[in-house]
Amino acid sequence: MPELPDVALYLRALEPRIVGNQVTGFVVRSMSVLRTYQPPYEQVVGKTVVGLRRIGKRIVWEFDHDQLFLVIHLMVAGRLRWHDRAGVKPPGKVGLAAWGFPGSTLVLTEQGSKRRAGIWVISGEENLAAEDRGGLEPLEISKDQFIEALRGRNHTLKRALTSQRILSGIGNAYSDEILWEARLSPVKLTTRLTDQEAARLHRAVRKVLTSWIQRLSAETGEKWPTRVTAFRPEMAVHGKYGEACPRCGAPVQRIVYASNETNYCASCQTGGKLLADRSLSRLLKKDWPKTLEELEDLRGGSG
């Protein structure tokens, strides 16, 4: 799922291309992508985009007409494609919608069979505010505000970082990188953080998000971002299960749940303790290894 650095990249690319330009057309191939019906989605046609903003992981366009907004939530597999020609239609199986601009087209696509991406056309700032889950902007708040928000609820650090009601824009991928940078366990409870650990986590949030925004911007330059993904070779632990931790060399571990997984380094983040993987620990039960050493012994015995 595109997270804060990826959404910031899209906003950076959209700004010179659509702000100040009129929407000349809006084609919807899959009506399920529309999450609002009043005002009608066609109402944005003929309007000029005057501003862009981000609400959590959502991209917001502001128009020059009666506080009219268009909101795009890419969810897991939604992506935006830019074409320097007019009249491009949403492609076959993956195309959801397309917006025409003078001499160009923006297309929304989504891979896979599940249609989760959404488009909202909203009238009024009050109605737009309802789309905000209330999370604080992680790069705009002070250390004290960050710690207060984190300790306000008794969650694991992984859940707290990814909750859009606590912090805005962080998801599965960058939370893994932040916790690795801070050398903190994903299952440590927010209420058990020491002041030193909380301050370290705040620094890690700022460092990871800022560095990735800068990295992605430098990679893309003035081009349209075509490689928006949650899995990047430069990441330390996210998507790196079984690979060597770049800091200590221990194998990266994971916790699998539903369709997601949390990646972490047991050596750097949990004092060598393995966190229970729901599927494997249920299978192995009492035989589930508690440390990296026990895991290596288990793997050696099975070979």
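## Exercises: chain size and salt bridges

The model is predicted: local features need pLDDT of at least 70, side-chain atom pairs count only at pLDDT 80 or more, and totals for chains, interfaces and linings use all residues. Residues are numbered from 1 along each chain as its sequence is written, and side-chain values use heavy atoms, with hydrogens and water left out.

**Exercise 1.** Find what arginine 232 pairs with in a salt bridge, and state whether arginine 232 is buried or exposed.

*Solution.* 
1. A salt bridge requires a side-chain nitrogen of Lys or Arg within 4 Å of a carboxyl oxygen of Asp or Glu.
2. Arginine 232 meets aspartate 6 at 3.8 Å, N to O.
3. Arginine 232 lies in the loop between helix H6 (195-220) and strand E9 (253-257), and aspartate 6 in helix H1 (residues 4-18), 226 residues apart.
4. Arginine 232 is buried because its relative accessibility is 2% (buried is under 20%, exposed over 50%, partly exposed in between; 1.4 Å probe, protein chains only).
5. Aspartate 6, at 1%, is buried as well.

**Exercise 2.** Locate the partners of the salt bridge between arginine 53 and glutamate 125.

*Solution.* 
1. Their closest N and O atoms are 3.2 Å apart.
2. Arginine 53 sits in strand E2 (residues 49-55) and glutamate 125 in helix H2, 72 residues apart (DSSP runs; helices H or I of at least four residues, strands E of at least two, numbered from the N terminus).
3. Arginine 53 is partly exposed at 27%, and glutamate 125 is partly exposed at 31%.
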